[in-house]
Amino acid sequence: MRARWRPAAICGIVNALLITGFALYWLLLPGLLMLWDLSDARWRKPAGIPRAVWRVHKALTPRYERWARERIASGIAAHLPLYDVPSTEWPMFGSVFYLAATEALQDEWERDHSLSRQAPHEYARATIEACTDLVLDPAHHTWVKTHWGKNYLHTENVFFRAMIIQALTSRERLLRDGKHLDLLRDQVETLAAELDQSKHGVLHDYPGECYPIDVFAAIACIRRADAVLGTDHRAFTQRALRGFRPPYQDTRGLVPYTIDLPSGQVDSPSRGIGMSYVLLYARELDEEQAQRWYALYEQHFWQENWLASGWREYPRDLPGMNWLNDPDSGPVIKGFSPSGCAYGIGAARVAGRYDHAWTLASQALVMGWPLPDGSWLGARFLSAAGGHHAPYLGEANLLFIYTFPTPATATIKTGGHLSF
(Lines give C-alpha, C1' and ligand atoms only; values in the text may rest on other atoms or scores of the structure.)
Protein backbone atom coordinates (compact mmCIF):
# COMPACT_ATOMS: atom_id res chain seq x y z
CA MET A 1 0.00 0.00 0.00
CA ARG A 2 1.45 3.38 -1.00
CA ALA A 3 2.44 5.84 1.70
CA ARG A 4 0.44 9.03 1.47
CA TRP A 5 2.27 12.30 2.05
CA ARG A 6 0.27 14.62 4.23
CA PRO A 7 0.59 18.40 3.73
CA ALA A 8 1.89 18.82 7.28
CA ALA A 9 4.67 16.28 6.65
CA ILE A 10 5.66 18.01 3.40
CA CYS A 11 5.77 21.40 5.13
CA GLY A 12 7.91 19.92 7.89
CA ILE A 13 10.43 18.54 5.38
CA VAL A 14 10.53 21.82 3.42
CA ASN A 15 11.04 23.83 6.60
CA ALA A 16 13.80 21.49 7.76
CA LEU A 17 15.56 21.87 4.39
CA LEU A 18 15.23 25.64 4.50
CA ILE A 19 16.58 25.83 8.04
CA THR A 20 19.45 23.51 7.13
CA GLY A 21 20.28 25.58 4.05
CA PHE A 22 20.12 28.78 6.07
CA ALA A 23 22.42 27.35 8.74
CA LEU A 24 24.89 26.08 6.15
CA TYR A 25 25.07 29.36 4.19
CA TRP A 26 24.94 31.88 7.03
CA LEU A 27 26.52 29.98 9.94
CA LEU A 28 28.45 26.78 9.24
CA LEU A 29 30.25 27.65 6.00
CA PRO A 30 31.08 31.22 7.13
CA GLY A 31 32.42 29.80 10.40
CA LEU A 32 34.69 27.42 8.52
CA LEU A 33 35.80 30.19 6.16
CA MET A 34 36.56 32.43 9.12
CA LEU A 35 38.73 29.75 10.75
CA TRP A 36 40.52 29.21 7.43
CA ASP A 37 41.17 32.94 7.11
CA LEU A 38 42.39 33.24 10.70
CA SER A 39 44.89 30.44 10.09
CA ASP A 40 46.68 32.50 7.42
CA ALA A 41 50.12 33.47 8.75
CA ARG A 42 50.12 36.61 6.61
CA TRP A 43 48.00 38.32 9.25
CA ARG A 44 50.69 37.67 11.88
CA LYS A 45 53.91 38.49 10.04
CA PRO A 46 55.04 40.38 6.91
CA ALA A 47 54.58 37.57 4.39
CA GLY A 48 52.36 39.33 1.86
CA ILE A 49 48.68 40.05 1.32
CA PRO A 50 46.39 37.51 3.05
CA ARG A 51 44.51 35.05 0.83
CA ALA A 52 41.10 36.28 2.06
CA VAL A 53 41.81 39.61 0.38
CA TRP A 54 42.26 37.94 -3.01
CA ARG A 55 39.01 35.99 -2.60
CA VAL A 56 36.93 39.01 -1.66
CA HIS A 57 38.53 41.24 -4.31
CA LYS A 58 37.68 38.79 -7.09
CA ALA A 59 34.10 38.45 -5.87
CA LEU A 60 33.63 42.20 -5.39
CA THR A 61 35.07 43.20 -8.77
CA PRO A 62 32.06 42.43 -11.06
CA ARG A 63 29.58 43.65 -8.45
CA TYR A 64 31.37 46.96 -8.05
CA GLU A 65 31.49 47.52 -11.80
CA ARG A 66 27.73 46.94 -12.19
CA TRP A 67 26.92 49.24 -9.30
CA ALA A 68 29.27 52.02 -10.50
CA ARG A 69 27.89 51.92 -14.04
CA GLU A 70 24.30 51.97 -12.83
CA ARG A 71 25.00 54.85 -10.47
CA ILE A 72 26.67 56.98 -13.15
CA ALA A 73 23.81 56.29 -15.57
CA SER A 74 21.19 57.21 -12.97
CA GLY A 75 22.51 60.76 -12.54
CA ILE A 76 21.40 60.64 -8.90
CA ALA A 77 24.66 62.20 -7.68
CA ALA A 78 23.56 65.56 -9.10
CA HIS A 79 20.51 65.70 -6.83
CA LEU A 80 21.71 64.88 -3.31
CA PRO A 81 21.51 66.79 -0.02
CA LEU A 82 24.61 68.96 0.28
CA TYR A 83 25.68 67.70 3.72
CA ASP A 84 24.70 64.04 3.36
CA VAL A 85 28.13 62.41 3.72
CA PRO A 86 27.13 58.80 2.88
CA SER A 87 25.51 59.79 -0.40
CA THR A 88 28.11 62.33 -1.55
CA GLU A 89 31.50 61.20 -0.20
CA TRP A 90 31.13 57.43 0.18
CA PRO A 91 30.75 56.50 -3.51
CA MET A 92 33.93 58.46 -4.29
CA PHE A 93 35.87 57.02 -1.36
CA GLY A 94 34.83 53.47 -2.17
CA SER A 95 35.99 53.80 -5.77
CA VAL A 96 39.34 55.28 -4.74
CA PHE A 97 39.81 52.53 -2.15
CA TYR A 98 39.01 49.83 -4.71
CA LEU A 99 41.56 51.26 -7.16
CA ALA A 100 44.26 51.50 -4.49
CA ALA A 101 43.64 47.93 -3.32
CA THR A 102 43.77 46.66 -6.90
CA GLU A 103 47.06 48.49 -7.40
CA ALA A 104 48.53 46.80 -4.30
CA LEU A 105 47.30 43.38 -5.43
CA GLN A 106 48.84 43.95 -8.85
CA ASP A 107 52.19 44.79 -7.22
CA GLU A 108 51.95 41.58 -5.19
CA TRP A 109 51.06 39.53 -8.27
CA GLU A 110 54.07 40.92 -10.12
CA ARG A 111 56.23 39.34 -7.40
CA ASP A 112 54.37 36.03 -7.39
CA HIS A 113 52.23 34.95 -10.35
CA SER A 114 50.97 31.89 -8.48
CA LEU A 115 48.65 34.11 -6.43
CA SER A 116 46.14 34.39 -9.27
CA ARG A 117 45.65 32.84 -12.69
CA GLN A 118 45.00 36.31 -14.05
CA ALA A 119 46.67 39.55 -13.13
CA PRO A 120 44.41 41.92 -11.18
CA HIS A 121 44.71 44.59 -13.87
CA GLU A 122 43.32 42.06 -16.36
CA TYR A 123 40.35 40.55 -14.50
CA ALA A 124 39.50 43.93 -13.00
CA ARG A 125 40.01 46.11 -16.09
CA ALA A 126 36.32 46.94 -16.57
CA THR A 127 35.93 47.82 -12.89
CA ILE A 128 39.07 49.96 -12.95
CA GLU A 129 37.52 51.93 -15.81
CA ALA A 130 34.14 52.14 -14.05
CA CYS A 131 35.72 53.44 -10.84
CA THR A 132 37.71 56.04 -12.77
CA ASP A 133 34.60 57.17 -14.63
CA LEU A 134 32.70 57.55 -11.36
CA VAL A 135 35.49 59.58 -9.75
CA LEU A 136 35.59 61.89 -12.79
CA ASP A 137 31.82 61.99 -13.36
CA PRO A 138 30.67 65.67 -13.23
CA ALA A 139 27.49 64.67 -11.40
CA HIS A 140 29.61 63.19 -8.60
CA HIS A 141 31.34 66.56 -8.25
CA THR A 142 28.11 68.46 -7.66
CA TRP A 143 28.42 68.84 -3.90
CA VAL A 144 31.98 70.20 -3.92
CA LYS A 145 31.15 72.48 -6.84
CA THR A 146 28.31 73.87 -4.72
CA HIS A 147 30.76 74.49 -1.87
CA TRP A 148 33.62 75.95 -3.89
CA GLY A 149 32.12 77.22 -7.15
CA LYS A 150 33.19 76.57 -10.73
CA ASN A 151 36.88 76.69 -9.81
CA TYR A 152 36.46 73.83 -7.31
CA LEU A 153 39.39 71.86 -8.77
CA HIS A 154 41.78 74.73 -8.08
CA THR A 155 40.40 76.19 -4.84
CA GLU A 156 41.38 74.44 -1.58
CA ASN A 157 38.95 71.41 -1.52
CA VAL A 158 41.89 69.31 -0.37
CA PHE A 159 40.50 65.86 0.31
CA PHE A 160 38.44 65.81 -2.92
CA ARG A 161 41.40 66.80 -5.08
CA ALA A 162 43.55 64.26 -3.25
CA MET A 163 41.02 61.55 -4.11
CA ILE A 164 41.30 62.44 -7.78
CA ILE A 165 45.11 62.33 -7.59
CA GLN A 166 45.07 58.98 -5.80
CA ALA A 167 42.53 57.44 -8.18
CA LEU A 168 44.31 58.57 -11.35
CA THR A 169 47.71 57.50 -10.01
CA SER A 170 46.39 54.01 -9.23
CA ARG A 171 44.68 53.80 -12.61
CA GLU A 172 47.81 54.77 -14.51
CA ARG A 173 49.96 52.29 -12.59
CA LEU A 174 47.43 49.58 -13.41
CA LEU A 175 46.59 50.31 -17.08
CA ARG A 176 49.55 52.43 -18.23
CA ASP A 177 47.70 54.09 -21.08
CA GLY A 178 48.33 57.74 -20.19
CA LYS A 179 44.64 58.53 -20.61
CA HIS A 180 44.25 61.06 -17.77
CA LEU A 181 47.81 62.20 -17.22
CA ASP A 182 47.07 65.83 -18.15
CA LEU A 183 44.38 66.09 -15.48
CA LEU A 184 46.56 64.27 -12.96
CA ARG A 185 49.49 66.60 -13.63
CA ASP A 186 47.23 69.65 -13.30
CA GLN A 187 45.86 68.50 -9.94
CA VAL A 188 49.28 67.58 -8.58
CA GLU A 189 50.99 70.81 -9.56
CA THR A 190 48.18 73.19 -8.62
CA LEU A 191 47.50 71.59 -5.22
CA ALA A 192 51.22 71.46 -4.41
CA ALA A 193 51.59 75.14 -5.34
CA GLU A 194 48.56 76.12 -3.24
CA LEU A 195 49.89 74.23 -0.21
CA ASP A 196 53.30 75.84 -0.70
CA GLN A 197 51.72 79.28 -0.66
CA SER A 198 49.47 78.63 2.35
CA LYS A 199 50.27 80.48 5.57
CA HIS A 200 50.19 77.43 7.86
CA GLY A 201 50.83 74.58 5.40
CA VAL A 202 47.21 73.42 5.42
CA LEU A 203 44.02 74.22 3.51
CA HIS A 204 40.31 73.64 3.91
CA ASP A 205 38.37 70.55 2.87
CA TYR A 206 35.09 72.42 3.03
CA PRO A 207 34.69 76.17 3.62
CA GLY A 208 35.50 76.70 7.29
CA GLU A 209 36.59 73.07 7.85
CA CYS A 210 40.30 72.27 7.94
CA TYR A 211 41.37 68.68 8.62
CA PRO A 212 45.18 68.31 8.69
CA ILE A 213 44.85 64.53 8.34
CA ASP A 214 43.45 65.03 4.83
CA VAL A 215 46.23 67.47 3.97
CA PHE A 216 48.81 64.93 5.10
CA ALA A 217 47.25 62.23 2.90
CA ALA A 218 47.17 64.71 -0.01
CA ILE A 219 50.92 65.32 0.33
CA ALA A 220 51.50 61.56 0.19
CA CYS A 221 49.28 61.31 -2.90
CA ILE A 222 51.25 64.08 -4.61
CA ARG A 223 54.50 62.29 -3.79
CA ARG A 224 53.15 58.96 -5.11
CA ALA A 225 52.09 60.57 -8.38
CA ASP A 226 55.77 61.22 -9.18
CA ALA A 227 56.06 57.53 -10.14
CA VAL A 228 53.73 57.96 -13.11
CA LEU A 229 54.34 61.62 -13.99
CA GLY A 230 58.13 61.50 -13.91
CA THR A 231 58.16 64.48 -11.56
CA ASP A 232 60.03 64.97 -8.29
CA HIS A 233 58.20 66.47 -5.32
CA ARG A 234 60.71 65.52 -2.63
CA ALA A 235 61.63 69.14 -1.92
CA PHE A 236 57.96 70.11 -1.85
CA THR A 237 57.28 67.30 0.63
CA GLN A 238 59.94 68.56 3.03
CA ARG A 239 58.46 72.04 2.89
CA ALA A 240 54.90 70.76 3.23
CA LEU A 241 55.66 68.87 6.44
CA ARG A 242 55.98 72.25 8.21
CA GLY A 243 52.23 72.04 8.75
CA PHE A 244 52.70 68.99 10.98
CA ARG A 245 55.47 70.21 13.24
CA PRO A 246 55.14 72.45 16.31
CA PRO A 247 53.09 74.59 16.79
CA TYR A 248 50.77 72.59 14.54
CA GLN A 249 50.69 69.51 16.79
CA ASP A 250 48.37 68.94 19.72
CA THR A 251 49.55 68.81 23.34
CA ARG A 252 50.49 65.13 22.95
CA GLY A 253 52.71 65.78 19.93
CA LEU A 254 50.20 64.22 17.50
CA VAL A 255 48.39 65.49 14.41
CA PRO A 256 45.30 67.46 15.48
CA TYR A 257 41.94 66.51 14.06
CA THR A 258 41.00 70.06 13.06
CA ILE A 259 42.77 73.41 12.87
CA ASP A 260 41.18 76.83 12.84
CA LEU A 261 42.12 78.90 9.82
CA PRO A 262 43.33 81.56 9.36
CA SER A 263 44.71 81.61 12.94
CA GLY A 264 46.46 78.24 12.65
CA GLN A 265 45.41 77.31 16.19
CA VAL A 266 44.61 73.69 17.05
CA ASP A 267 40.84 73.47 17.16
CA SER A 268 40.40 69.85 18.28
CA PRO A 269 43.06 67.34 19.37
CA SER A 270 44.15 64.13 17.71
CA ARG A 271 41.60 61.35 17.29
CA GLY A 272 41.79 57.64 16.54
CA ILE A 273 40.38 57.84 13.02
CA GLY A 274 42.78 60.68 12.23
CA MET A 275 46.00 59.16 13.57
CA SER A 276 45.32 55.71 12.12
CA TYR A 277 44.75 57.36 8.73
CA VAL A 278 47.86 59.54 8.95
CA LEU A 279 50.03 56.56 9.93
CA LEU A 280 49.07 54.75 6.73
CA TYR A 281 51.17 57.34 4.85
CA ALA A 282 53.56 58.83 7.41
CA ARG A 283 56.43 56.41 6.84
CA GLU A 284 56.57 57.33 3.15
CA LEU A 285 57.13 60.99 3.98
CA ASP A 286 59.18 60.98 7.19
CA GLU A 287 60.20 57.64 8.68
CA GLU A 288 61.53 59.01 11.96
CA GLN A 289 58.45 61.14 12.55
CA ALA A 290 56.23 58.16 11.76
CA GLN A 291 57.96 56.09 14.43
CA ARG A 292 57.57 58.86 17.01
CA TRP A 293 53.91 59.32 16.19
CA TYR A 294 53.20 55.61 16.42
CA ALA A 295 54.84 55.41 19.84
CA LEU A 296 52.84 58.40 21.10
CA TYR A 297 49.65 57.05 19.55
CA GLU A 298 50.16 53.75 21.36
CA GLN A 299 50.89 55.56 24.62
CA HIS A 300 47.72 57.66 24.57
CA PHE A 301 45.21 55.65 22.51
CA TRP A 302 45.84 51.89 22.73
CA GLN A 303 43.62 50.06 25.21
CA GLU A 304 42.88 46.48 26.17
CA ASN A 305 40.01 45.26 28.33
CA TRP A 306 37.54 42.41 28.65
CA LEU A 307 35.64 43.63 25.58
CA ALA A 308 38.39 43.98 22.97
CA SER A 309 41.81 45.42 22.21
CA GLY A 310 42.47 48.34 19.93
CA TRP A 311 42.58 52.06 19.33
CA ARG A 312 40.43 54.55 21.20
CA GLU A 313 38.73 57.40 19.34
CA TYR A 314 39.84 59.90 22.00
CA PRO A 315 42.89 59.70 24.28
CA ARG A 316 42.43 58.13 27.70
CA ASP A 317 42.96 61.40 29.56
CA LEU A 318 39.89 63.04 27.99
CA PRO A 319 36.90 62.26 30.21
CA GLY A 320 33.38 61.46 29.04
CA MET A 321 34.35 60.28 25.55
CA ASN A 322 33.72 56.54 25.88
CA TRP A 323 30.21 56.34 24.43
CA LEU A 324 29.17 58.37 21.41
CA ASN A 325 28.25 58.13 17.74
CA ASP A 326 30.22 60.10 15.18
CA PRO A 327 30.00 59.99 11.36
CA ASP A 328 33.79 59.65 11.02
CA SER A 329 34.59 57.17 13.78
CA GLY A 330 31.33 55.23 13.82
CA PRO A 331 29.72 54.23 17.13
CA VAL A 332 32.33 54.57 19.89
CA ILE A 333 31.79 51.77 22.43
CA LYS A 334 33.69 51.85 25.72
CA GLY A 335 36.17 54.19 24.07
CA PHE A 336 36.96 51.95 21.07
CA SER A 337 36.95 53.60 17.64
CA PRO A 338 35.56 51.35 14.86
CA SER A 339 37.24 53.40 12.13
CA GLY A 340 40.42 53.95 14.13
CA CYS A 341 40.75 50.20 14.70
CA ALA A 342 40.05 49.39 11.05
CA TYR A 343 42.57 51.87 9.61
CA GLY A 344 44.84 50.92 12.47
CA ILE A 345 45.32 47.49 10.89
CA GLY A 346 47.02 49.08 7.89
CA ALA A 347 48.90 51.52 10.10
CA ALA A 348 50.23 48.66 12.23
CA ARG A 349 51.32 46.67 9.16
CA VAL A 350 53.20 49.71 7.83
CA ALA A 351 54.88 50.18 11.22
CA GLY A 352 55.85 46.51 11.46
CA ARG A 353 53.70 46.18 14.59
CA TYR A 354 52.17 42.81 13.86
CA ASP A 355 51.32 42.39 17.53
CA HIS A 356 48.75 45.13 16.95
CA ALA A 357 47.94 44.16 13.36
CA TRP A 358 47.10 40.55 14.26
CA THR A 359 45.03 41.53 17.29
CA LEU A 360 43.01 44.05 15.28
CA ALA A 361 42.70 41.91 12.14
CA SER A 362 41.43 38.89 14.06
CA GLN A 363 38.62 41.01 15.50
CA ALA A 364 37.83 42.50 12.10
CA LEU A 365 37.75 39.09 10.41
CA VAL A 366 35.26 37.77 12.94
CA MET A 367 33.08 40.88 12.71
CA GLY A 368 33.35 40.74 8.91
CA TRP A 369 31.79 37.25 8.83
CA PRO A 370 32.79 35.87 5.38
CA LEU A 371 29.95 34.48 3.26
CA PRO A 372 30.35 31.71 0.65
CA ASP A 373 29.68 34.22 -2.17
CA GLY A 374 32.96 36.00 -1.39
CA SER A 375 31.52 38.94 0.51
CA TRP A 376 32.00 40.17 4.07
CA LEU A 377 28.58 40.39 5.72
CA GLY A 378 29.72 42.71 8.50
CA ALA A 379 31.25 45.18 6.05
CA ARG A 380 28.13 45.05 3.89
CA PHE A 381 26.00 45.74 6.96
CA LEU A 382 28.05 48.82 7.87
CA SER A 383 27.76 50.06 4.28
CA ALA A 384 23.98 49.90 4.63
CA ALA A 385 24.16 53.20 6.53
CA GLY A 386 24.66 54.78 3.11
CA GLY A 387 21.76 52.87 1.60
CA HIS A 388 22.10 52.21 -2.11
CA HIS A 389 24.58 55.09 -2.45
CA ALA A 390 27.63 53.04 -1.40
CA PRO A 391 26.70 49.38 -0.78
CA TYR A 392 30.29 48.17 -1.22
CA LEU A 393 32.20 50.87 0.66
CA GLY A 394 32.89 48.60 3.65
CA GLU A 395 34.45 45.83 1.56
CA ALA A 396 36.44 48.23 -0.62
CA ASN A 397 37.67 49.99 2.50
CA LEU A 398 38.82 46.75 4.14
CA LEU A 399 40.60 45.66 0.94
CA PHE A 400 42.39 49.01 0.95
CA ILE A 401 43.41 48.62 4.61
CA TYR A 402 44.50 44.98 4.33
CA THR A 403 46.78 45.58 1.33
CA PHE A 404 49.20 48.06 2.89
CA PRO A 405 52.68 46.51 2.70
CA THR A 406 55.33 46.48 5.40
CA PRO A 407 58.48 48.38 4.34
CA ALA A 408 61.76 46.50 4.40
CA THR A 409 63.13 49.10 6.84
CA ALA A 410 60.46 48.44 9.47
CA THR A 411 61.41 46.76 12.74
CA ILE A 412 59.06 43.79 13.06
CA LYS A 413 57.31 42.99 16.30
CA THR A 414 55.08 39.90 16.25
CA GLY A 415 52.71 38.56 18.86
CA GLY A 416 49.28 39.86 19.66
CA HIS A 417 46.29 37.73 20.57
CA LEU A 418 42.72 36.82 19.78
CA SER A 419 40.41 39.07 21.78
CA PHE A 420 37.19 37.10 21.56
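Reader: Which residues line the second largest cavity?

Author: A cavity is a set of points, on a 1 Å grid over the protein atoms alone, where a 1.4 Å probe fits but cannot get out; lining residues have an atom within 4 Å of a point. Here the second largest cavity is lined by A100, E103, Q166, T169, S170, C221 and R224. This is a predicted model, in which local features need pLDDT of at least 70 and side-chain atom pairs count only at pLDDT 80 or more, whereas totals for chains, interfaces and linings use all residues. Residues are numbered from 1 along each chain as its sequence is written, and side-chain values use heavy atoms, with hydrogens and water left out.

Reader: Which elements give two or more residues to that lining?

Author: Helices are DSSP runs (H or I, at least four residues) numbered from the N terminus. For the second largest cavity the elements are α3, α7 and α9, and α7 gives the most, with three residues. The lining of the second largest cavity divides into two nonpolar, three polar and two charged residues.

Reader: What is the volume of the second largest cavity, and how much space lies in the largest cavity?

Author: A volume is the space filled by probe spheres set on the grid points. The second largest cavity has about 50 Å³; the largest has about 90 Å³. The count is four cavities of 30 Å³ or more.

Reader: Which residues line the largest cavity?

Author: Its lining consists of F93, V96, F97, F159, A162, M163, Q166, D214, A217, C221 and Y277. Two or more residues come from each of α3 (85-111), α7 (158-175) and α9 (212-229), with the largest share, four residues, from α7. By class, nine residues of this lining are nonpolar, one is polar and one is charged.

Note on methods: On a 1 Å grid over the protein atoms alone, a cavity is a set of points where a 1.4 Å probe fits but cannot get out, and a pocket is an open set with protein on both sides within 12 Å along at least five of seven lines; lining residues have an atom within 4 Å of a point. Ala, Val, Leu, Ile, Met, Phe, Trp, Tyr, Cys and Pro count as nonpolar, Asp, Glu, Lys and Arg as charged, and the others, Gly among them, as polar.
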